[in-house]
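Here are my notes for you, written as numbered points. Keep the viewer open and go through them one by one.

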Amino acid sequence: MAQPLDFVLDVPETPGDQGQEPSPYDESEVHDSFHQLIQEQSRWVAEEGLELQQREPGDPGRGHETLLGPEGAPVHSMATLRILASMPSRTIGRSRGAIISQYYNRTVRLRRRSGRPLLGDVVTRSARPSLRLYDLELDPMAQEEEEKRNLLVKELQGLSAAQRDHMLRGMPLSLGEKRGLREKSQTPHGKRRGQPGRGGLFSCCSRLRYACVLALHSLGLALLSGLHALTPWRYALKRIGGQFGSSVLSYFLFLKTLVAFNALLLLPLLAFVVGVQAAFPPDPGPGPRPTCTGLEFLTGAGCFTHTVMYYGYYSNATLNQPCGQPLEGGQCRPRAGGLPYNMPLAYLFTVGVAFFITCITLVYSMAHAFGESYRVGSTSGVHAITVFCSWDYKVTQKRASRLQHDNIRTRLKELLAEWQLRQSTRSLCGRLQQAAVLGLVWLLCLGTVSGCAAAVHAFSEFVIQGPVAAGQEVALLALPVVVCLLNLGAPYLYRGLAALEPQDSPVLEVYVAICRNLVLKMVILGVLCYHWLGRRVGALQDQCWEDFVGQELYRFVVLDFLFTLLDTLFGELAWRVISEKKTKTRRKPEFDIARNVLELIYGQTLTWLGVLFSPLLPAVQIVKLLLLFQVKKTSLLANCQAPRRPWLSSHMSTVFLSLLCFPSFLGAAVFLCYAVWQVKPSSMCGPFRSLDTMYRAGTAWVRHLEAAGPRLSWLPWVHRHLVENTFFIFLLSALLLAVIYFNIQVVRGQRKVICLLKEQISHEGEDKIFLINKLHSIYEKKERKEGEERSRCAGRSGKEES
């Protein structure tokens with residue numbers, strides 16, 4: 001029977017290698033972009049040929065003894081450890097010779113493209129794959145590596161300063177290596193003086209230029225730092241995330257996102273509607289203008305009515321430059337070269353384009369958040385990653401390190417809470433009891449919603465029947481106050497009912513509360529939309545009903561902010577004071593994520609509903625959100641405590657954006673489309689006063705293009721077949737939904753593929769362990785046989801001597 005063949009890997013050893021600890025050189029510089037480096041190393045290993053020699057029978061196999069660990073467990077021999085250290089997964093990012101050789105070749109190619117002469121031909125052979133187990137002073141390839149380093153320094157000296165910095169920044173080396181290469185590659189000032197045609201003038205000019213560039217660079221960095229310091233969430237978000245966890249942090253991140261959406265909506269309105277109308281103000285009316293009393297900041301009426309704040313101020317004419325020569329009859333002839341500006345068309349198209357940009361941005365943000373939060377990551381090992389890989393060693397300040405410590409601690413609490421939640425199960429009887437209680441609570445909540453909707457409808461009819469007199473603008477606040485009281489009281493009733501149905505998961509509890517508050521606010525907004533476009537339009541036929549709707553939405557936005565402040569003052573501050581003074585528990589209230597998030601969505605929906613009737617309403621919403629951020633942050637840090645049951649909010653941002661997109665933005669878009677296509681504008685004010693609908697402004701513009709000439713005949717065709725055709729609109733909507741659906745399916749497919757790849761990686765690891773164990777067992781069997789042969793030989797020699 002053939003004997004198994006013993007073989008060892010011929011790896012040269014250095015003195016002191018037995019007890020030397022592997023150097024952690026560049027342990028953190030492992031990059032995923034080393035595909036070219038891996039190919040070069042594989043080719044060089046094939047050329048060098050790692051020799052597998054047959055082992056001599058008499059060689060005891062130094063270095064292959066089976067070692068025992070601290071607890072008696074077998075440990076791999078030194079030869080096995082060397083084989084493992086030579087594997088490609090152990091050498092990527094640690095071979096300085098290969099990295100220097102690779103970047104030397106890149107520098108040579110860059111110089112060749114720049115037209116500069118090469119310094120010499122170099123044999124681009126790397127050092128051995130791993131330098132972790134060898135001493136650089138004793139390695140025979142260290143001299144070749146040093147030569148390549150010197151050649152790389154020379155090539156870097158031939159590059160410009162920007163190219164040199166870019167090349168050094170991209171090298172996967174430690175900061176000390178990069179700093180040394182930068183110091184060696186800097187060109188002394190005296191070497192440039194000897195160049196012909198430049199003399200000492202080059203040195204002076206270059207110094208002045210470099211000084212100016214450095215000064216401008218420092219000024220730019222200072223300005224950027226100042227702008228970054230002006231943002232209200234620069235330091236607060238880290239502190240909130242460290243003390244209260246990711247669940248509370250998701251609210252403030254969502255508020256920050258809403259500020260960006262409103263800024264994106266406000267910019268085109270300021271540029272193409274508000275700014276243009278302010279530059280060409282219409283003629284004031286014949287009557288006296290009302291004086292400001294201060295109450296206008298609450299009601300939005302009074303002196304705010306005849307300003308760019310509302311729809312009625314904007315002109316229905318074509319705006320031009322000042323008159324060049326007046327014609328007969330008092331008409332105005334524009335100056336030569338003046339461009340006419342159709343305000344009705346600009347008003348309609350700007351609002352439409354702003355909404356379209358918001359829609360695209362919102363869908364993209366939702367898709368991006370969906371991909372970020374639902375990407376597959378196996379939770380096995382995430383605790384170890386959080387413990388050993390979360391600390392940022394660049395942090396040196398005590399305040400920043402304390403914040404990072406709090407973040408890691410809160411993250412571990414959330415991970416452990418999620419793990420415990422997965423381990424806990426409920427019996428069948430417990431599930432049935434929970435389902436019964438849940439159904440009863442939902443019936444009570446739906447009854448509350450129906451009662452609130454009926455109360456809002458009845459009170460709005462009462463307001464319509466009793467018109468407000470000229471000097472009684474305070475009565476205009478009645479309906480917003482009633483709606484705000486209902487929106488403030490119903491969530492507290494929901495929290496009381498939620499105490500009857502204890503949920504196993506705090507995430508599920510938050511989602512249920514969000515659904516109940518969302519149903520309440522959307523139903524109330526539906527009743528209000530009917531009140532504004534159904535009842536108010538008929539009751540204000542002889543007045544500017546668009547201004548009234550804009551003022552009503554302004555009042556709702558302002559009073560919603562005031563009631564939020566009152567709720568923060570009496571709901572959080574008063575509770576904290578009472579608990580500290582009167583009770584012994586001193587329990588602070590928890591931050592209600594569901595109610596506060598729904599308040600943000602409700603306020604943003606009001607802004608989108610009113611942007612057609614009040615173009616500056618997004619600016620009011622931005623100011624409101626910034627003040628709300630400061631108020632909520634201060635109240636949270638002073639009056640609230642962290643959640644008693646910490647939970648990981650991995651999908652909260654996606655849920656918030658989805659609720660903002662589908663119920664909120666979609667409802668506002670339907671409301672505005674109905675106002676543009678179906679409702680007749682008032683004949684007293686606004687840019688559409690002489691039209692049957694606002695949409696007729698686009699139709700009139702198309703007819704004007706048809707009469708202009710045959711060159712623009714394609715625009716009426718596009719308008720007729722793509723804009724007026726409802727089939728195309730439905731097709732675009734279907735395509736948008738299909739894209740969202742396919743994006744979700746693609747993410748699900750990627751999740752399955754990643755799961756399969758992770759399973760394959762685990763199998764590969766098991767295969768490696770199996771092969772190593774087999775190799776180790778072969779060594780042990782062979783050594784046992786050799787030991788038996790040696791003992792037999794010793795016994796025979798003893799017998800012969802005796």
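**Notes on the model**

1. Let's start with Glu599. If you skip its neighbours within four places in sequence, Glu599 is in contact with Lys521, Asp560, Thr564 and Asp567. You'll find Glu599 in helix 18, which covers residues 593-610. Is Glu599 buried or exposed? Glu599 has 12% relative accessibility, and the limit for buried is under 20%, so Glu599 counts as buried.

2. Now the overall view. Keep in mind that this is a predicted model. The chain has 23 helices and eight strands. Of its 802 residues, 38% count as buried. Take the contacts between residues at least 6 apart in sequence: 79% of them join residues at least 24 apart.

3. Thr568 gives you one case of residues meeting across the sequence. Thr568 sits in helix 17 and is buried, with a relative accessible area of 6%. Leaving out neighbours within four places in sequence, what is Thr568 in contact with? The list is Leu573, Val631, Lys632 and Ser635. Look at Lys632 in particular: Thr568 and Lys632 are 64 residues apart in sequence, yet their C-alpha atoms are 7.6 Å apart in space.

4. Next, the disulfides. A disulfide is a covalent bond between the sulfur atoms of two cysteines. How many disulfides does the structure hold? There are two.

5. The link of Cys544 and Cys685 is right-handed, with 85 degrees about the S-S bond. Cys544 is buried, with a relative accessible area of 17%, and Cys685 counts as buried at 7% relative accessibility.

6. Two further cysteines to look up are Cys452 and Cys755. Cys452 is buried, with a relative accessible area of 8%. Cys755 counts as partly exposed, at 41% relative accessibility.

7. Now try a helix pair. Helix 12 (residues 382-389) and helix 13 (residues 398-423) pack at an angle of about 170 degrees, and their axes are 10 Å apart. Angles over 145 degrees count as roughly antiparallel, and helix 12 and helix 13 are therefore roughly antiparallel to each other. Which residues meet here? From helix 12 you have Val382, His383, Thr386 and Val387, and from helix 13 you have Ile408, Arg411, Leu412, Leu415, Leu416 and Trp419. Sorted by type, the residues of this contact come to seven nonpolar, two polar and one charged.

8. Last, the aromatic rings. A pair of aromatic rings is described by the distance of the centres and the angle of the planes. With ring centres within 6.5 Å as the rule for a pair, the count comes to 19 aromatic pairs. In one of them, the rings of Phe459 and Phe462 have their centres 6.1 Å apart and their planes at 45 degrees, so the pair is tilted. Phe459 and Phe462 both lie in helix 14 (residues 428-465), three residues apart, or about one turn of the helix. Phe459 counts as partly exposed at 24% relative accessibility, whereas Phe462 is exposed, with a relative accessible area of 55%. Elsewhere, Tyr311, Tyr313, Tyr314, Tyr347 and Phe688 form one aromatic cluster.

How values were computed: Residues numbered from 1 in each chain as written. Predicted model: local features only at pLDDT ≥ 70, side-chain atom pairs only at ≥ 80, totals over all residues. Heavy atoms only, no water. Disulfide = S-S within 2.5 Å. Buried < 20%, exposed > 50% of the residue type's maximum accessible area, 1.4 Å probe, protein only. Axes fitted to C-alpha atoms, helices over the stretch in contact; angles between N-to-C directions. Helix = DSSP H or I, 4+ residues; strand = E, 2+ residues; numbered from the N terminus. Parallel < 35°, antiparallel > 145°, perpendicular 65-115°, else oblique. Contact = heavy atoms within 4.5 Å. Nonpolar A, V, L, I, M, F, W, Y, C, P; charged D, E, K, R; others polar. Phe/Tyr/Trp six-rings, centres within 6.5 Å; stacked < 30°, edge-to-face > 60°.
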